[in-house]
Amino acid sequence: MNESRTASIVGGGRPVTIVDIARASGVSKSTVSLVLKGSRLVKAETRARVEDAIERSGYIYNRGAANLRKSKSGLVGMVISDLTNPFFAELAVGIENALYQRGFVPILANTNEDRGRQSQVLRSMREHGVAGIVMSPARGTEAWQLTAELPTTIPTVLTMRRVVDSPFSYVGPDNRTGARMATKHLIQLGHRRIAFLGGFSTMTTQLDRIEGWRDALEEAGITAEAALVVESMPTRAGGREAVRVAMGSPKRATAFVCYNDIVAIGVTRELALNGIRPGIDVGVVGFDDIAEAEHNAPPLTTVNADTLRLGGFAAESLFGVIHGGRAQTMSFIGTTRLVVRESCGALHASAGKEFV
């Protein structure tokens, strides 16, 4: 059967082939193939003509046979470091939406920040013959581990967490600029002692965000004291623990830039339990703008990373690598923007109230 594709039976008892579709729509066989694969390289007018010919003929694309011929499956691995964090859940939705539109089915795995578990997941993905992998690496993952566990013949895109010296494409937000915006905003509100809470130095994301925090302080002529950085798990509990340490310092900070929204939510909860009012007594800013941020008490000022869109870009980057694109050209850094709500104290500062 031509091109390993089957179709409904038409006049003469012969199944319709890709060649018949090409002839009926006045295009080449390769153009029809691009339309079937959902490629954006085909002009809208040409795509419509091919799709019309497909509909009129009753042609059915046998994707399973095509995948066998190409030795590729329609499965894509999604390896996420922490699905208990709503940010990564939102990211996974963005990736899955884009995969679905291209006809791929995701295999989702949560590593729970465990590198041993991550190794097992990657081995299983290889055994299932996935067409590619989109991966948020577990904390502390190094380039040599990835190259040992993922041959470059398997199209792979890393997202949200860079791995230094990795050969794979990377898609994520502009962490440094985002944290710089958050810190600068607090400085403009009058703060001079601003702590950074959450994450670990083994996470490139944390290092990038601390660089942004440091940039803003130094631009304002403020010393970025090492004692103002408090590491913790990037969780609600980690946020509560970190702010307890920070508030116990002899020189207490008056504002906090948090590693992510989940840490910030933990911070605001711990402060409130101790009679300190976030957004009135102190300023708090998160990072990610998860759905929960707007409904926090108080609503969280945060850096929007356009999570769903980044998930889509990660999937698009993977499609590019699958179709032969070089990893270096498939990377993407998304823009960030500050979303001002109540937790930073902007409303109270504009009313002339002071922070303690």
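**Entry 1: helix H12**

I began with helix H12, residues 307-322, in this predicted model. H12 lies across strand E1 (75-80), strand E3 (132-135), E4, E5 and E11. I looked up its direction against E5 and found an angle of about 170 degrees.

**Entry 2: the six-stranded sheet**

Next I looked up the sheet that holds these strands. In what order do the six strands stand? I read the order as E2-E1-E3-E4-E5-E11, in an open sheet with parallel pairing. Strand E2 (105-110) and strand E11 (332-334) each have a single partner strand, so one side of each is left without a neighbour in the sheet. I noted an average twist of 15 degrees from one strand to the next.

**Entry 3: strand E5 and its partners**

I then turned to E5, residues 169-173. On one side I found strand E4 (residues 156-159), joined to E5 by three bridges and running parallel with it. Within that pairing, Leu158 has Tyr170 as its bridge partner, and Thr159 has Val171. E11 is also joined to E5 by three bridges, again in parallel. There I found Ile333 of E11 opposite Gly172.

Is E5 enclosed or open to the outside? I checked its residues against the cut-off for burial, which is under 20% relative accessible area. Five of the five residues are buried, so E5 is largely enclosed by the rest of the structure. I also looked at which way they point. Ser169, Val171 and Pro173 point one way, while Tyr170 and Gly172 point the other way.

**Entry 4: Thr141**

I followed the chain past E3 to Thr141, which sits in the loop between E3 and helix H7 (143-149). Is Thr141 buried or exposed? I found a relative accessible area of 11%, so Thr141 is buried. Its side chain makes a polar contact of 3.2 Å with the side chain of Gln118. A polar atom of the Thr141 side chain also lies 2.7 Å from the backbone oxygen of Ala138. Setting aside neighbours within four places in sequence, I listed the contacts of Thr141 as Arg115, Gln118, Leu146 and Val163.

**Entry 5: helix H8**

I moved on to helix H8, residues 175-188. H8 has 14 residues and reaches 20 Å from its first C-alpha to its last. That is close to the 20 Å expected at 1.5 Å a residue. Which residues of H8 are buried? I wrote down Asn175, Gly178, Ala179, Ala182, Thr183, His185, Leu186 and Ile187. After H8 comes Gly190, where I read a positive phi near 110 degrees.

**Entry 6: the four-stranded sheet**

Last, I looked up the other open sheet, which has four strands in the order E7-E6-E8-E9 with parallel pairing. Its edges are strand E7 (229-230) and strand E9 (283-285), each with a single partner strand, so one side of each is left without a neighbour in the sheet. Strand E6 (residues 194-197) pairs with E7 over two bridges in the parallel sense. In that pair, Val230 of E7 is opposite Leu197.

Which helices pack on this sheet? H8 does, touching E6, strand E8 (255-258) and E9, with its direction at about 170 degrees to that of E8. Helix H9 (residues 204-219) packs there as well and touches E6, E7 and E8. For H9 I noted an angle of about 175 degrees with the direction of E6.

Key. Residues are numbered from 1 along each chain as its sequence is written. This is a predicted model: local features need pLDDT of at least 70, side-chain atom pairs count only at pLDDT 80 or more; totals for chains, interfaces and linings use all residues. Side-chain values use heavy atoms; hydrogens and water are left out. Two strands pair if DSSP finds at least two bridges between them. Axes are lines fitted to C-alpha atoms, for helices over the stretch in contact, and angles run from 0 to 180 degrees between N-to-C directions. Contact means heavy atoms within 4.5 Å. The expected span of a helix is 1.5 Å times one less than its number of residues. Buried means under 20% relative accessible area, exposed over 50%, partly exposed in between (1.4 Å probe, protein chains only). A polar contact is a pair of N or O atoms within 3.5 Å; within protein, one must be able to donate a hydrogen and the other to accept it, and residues adjacent in sequence count only if both atoms are side-chain atoms.
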